[in-house]
Amino acid sequence: MTISVFDLFKVGIGPSSSHTVGPMRAAHMFVSRLAGDDRLARTAAVRVELFGSLGATGHGHGSVKAVVLGLSGHQPHLVDPVAADPLADAVRETGRIRLAGRHEIAFSVGDDVVLHRNRRLDLHSNGMVLHAFDDAGEVVERREYYSVGGGFVLDPGTASVVEDDTPVAYPFTTGAELLGLTREHGLSIAQIMLANELSCRTEEQVRAELAQIWSVMRECVERGTTTGGVLPGGLRVRRRAATLRAHLESATGEPDALHAMEWVTLYALAVNEENAAGGRVVTAPTNGAAGIVPAVLHYAERFLPGFDDDAVVRFLLTAGAVGVLFKENASISGAEVGCQGEVGSACAMAAAGLAEIIGASPEQVENAAEIGIEHNLGLTCDPVGGLVQIPCIERNAVASVKAITAARMARHGDGVHHVSLDKAIKTMRETGADMKDKYKETARGGLALNIVEC
């Protein structure tokens, strides 16, 4: 299995990659399969069942809306976030849906999308079962899908979360293998990752697509720092990024020593407020942790000398290589290992990317990533009200600052350290396995429970 940097950095809509992007992709895959096999016209009814974490937080995380959009033929990277709610509302109000955008059937959102709040499938907490029936009630198609984090969708029928199995120049699955390749070939981690990407794209295409990812990140920050009001959902959380930007831009006098960190906080808040509002974001590697990589990249752009387009490419390729290690050896799914798999992974990725562009060696880059994840071990995923707002938004800001600290610590060292990145990732996986389910994106423990009592 080959994981590309573009599998880890995907354009989608909020509020969740595993609960919004993944279910939308799965529903779209389902109707595309029906259309591809000429069975769409035979389909008279569709039923979707959401299990585990999807069932427990399906409304707060936008899973129901995502399924409706996917069945209607929309994809996360193409759907207009502004039009998404009206599109889903129209299906709910009319009781009709156009499968794949062309075959209309009766569809009751309340009855035909079933949330199993206390049941889960064996393979993964984020399980879905989709059925298509003909006029006689006979099954036209039944398919299981699993949204395994970061917008990745597992179809057990294909046994893969990545469609492309093209051989790459420098295959690796562990940090030790990755460092071994850098030593053997005299290449940086970014160069190793670039060589692998060239198996499917030209270098010009890789650079152009990474530039587009950066452009979407910048647009997201701009929207987030110019939009006020209250986030959707029952918590009535106020958006703070726009106010903070106005404060920073109007400040007079000599800035204090932590002035840069206030901008980092701003960038992270902006992205995650956009995500919580259902806006367009880049999974990095998930929506719940989408603010960390953009915040650290914006920090580099604003405060580091010599920042240019090549720095963006090197940053994202290096961060992507670290993301591959988490995806291969543990998980980036909050429903599987808690928030350590989302914010922890993103912190490590951002730390590695920043270390690369401030002149770190491959060993120092690996050290930066290890520091980033080590100090997020055990982080729970306990979204209040099932919404990606509290504690998710502030958590991204804190982790962004932590990533910068990790990169700078590693750069001042020599790359030699007691705990390897591989050991830290293994520990994260084991910690996630030991973690109670109520702390893994079910909104049944931690802050999600105690804030109600307050």
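1. Threonine 182 sits in helix α7 (residues 175–185). Because its relative accessibility is 5%, threonine 182 counts as buried. Buried means under 20% relative accessible area, exposed over 50%, and partly exposed in between (1.4 Å probe, protein chains only). Helices (H or I, at least four residues) and strands (E, at least two) are DSSP runs, numbered from the N terminus.

2. A word on the basis of these remarks. This is a predicted model, in which local features need pLDDT of at least 70 and side-chain atom pairs count only at pLDDT 80 or more, while totals for chains, interfaces and linings use all residues. Residues are numbered from 1 along each chain as its sequence is written, and side-chain values use heavy atoms, with hydrogens and water left out.

3. Now the chain as a whole. Its secondary structure comes to 19 helices and nine strands. A compact globule of 454 residues would have a radius of gyration near 22 Å, and the 21 Å of the protein chain agrees with that; the radius is taken over C-alpha atoms, and the globule rule is 2.2 Å times the number of residues to the power 0.38. Along the principal axes, the C-alpha atoms fill a box of roughly 70 × 50 × 40 Å. Of the 454 residues, 57% count as buried. Among contacts between residues at least 6 apart in sequence, 76% join residues at least 24 apart.

4. The protein chain exposes about 18,000 Å², and carbon and sulfur atoms supply 50% of it; accessible areas come from the Shrake-Rupley method with a 1.4 Å probe, and for residues only the protein chains shown count as cover. There are 41 positive and 56 negative side chains, and the centres of the two sets lie 5 Å apart. Lys and Arg count as positive and Asp and Glu as negative, with His and the chain ends not counted. The place of a charge is taken as NZ of Lys, CZ of Arg, CG of Asp or CD of Glu.

5. Do take a look at helix α8 (residues 189–197), which holds glutamate 197. The helix is mostly covered, with eight of its nine residues buried. Those buried residues are Ile189, Ala190, Ile192, Met193, Leu194, Ala195, Asn196 and Glu197. They pack against α1 (5–8), α7, α9 (203–224), α13 (309–329), α15 (343–357) and α16 (362–374).

6. Glutamate 197 itself counts as buried because its relative accessibility is 4%. Not counting residues up to four places away in sequence, glutamate 197 touches Ser4, Val5, Phe6, Val206 and Leu317. From C-alpha to C-alpha, glutamate 197 and leucine 87 are 36 Å apart in space, and 110 residues apart in sequence.

7. Another glutamate to view is glutamate 301, in helix α12 (residues 292–303). It counts as partly exposed because its relative accessibility is 30%. Leaving aside neighbours within four places in sequence, glutamate 301 is in contact with Trp214, Arg218 and Phe307.

8. Turning to the strands, an open sheet of five has the order β5-β2-β6-β7-β8, with mixed pairing. β5 and β8 (153–154) stand at the edges with a single partner strand each, so one side of each is left without a neighbour in the sheet. Two strands pair if DSSP finds at least two bridges between them.

9. Within that sheet, strand β2 (residues 45–50) runs antiparallel to strand β6 (residues 127–133), joined by six bridges. Three bridges join β2 to strand β5 (residues 113–115), and these two run parallel. Glutamate 49 has valine 129 as its bridge partner in β6, and valine 114 as its bridge partner in β5.

10. Finally, the hairpin of β3 and β4. Strand β3 (residues 96–99) is joined to β4 by four bridges, the two running antiparallel. Arginine 98 stands opposite glutamate 104 in β4. The hairpin has three residues between the strands, and alanine 100 takes a positive phi near 55° there.

Conventions. Contact means heavy atoms within 4.5 Å.
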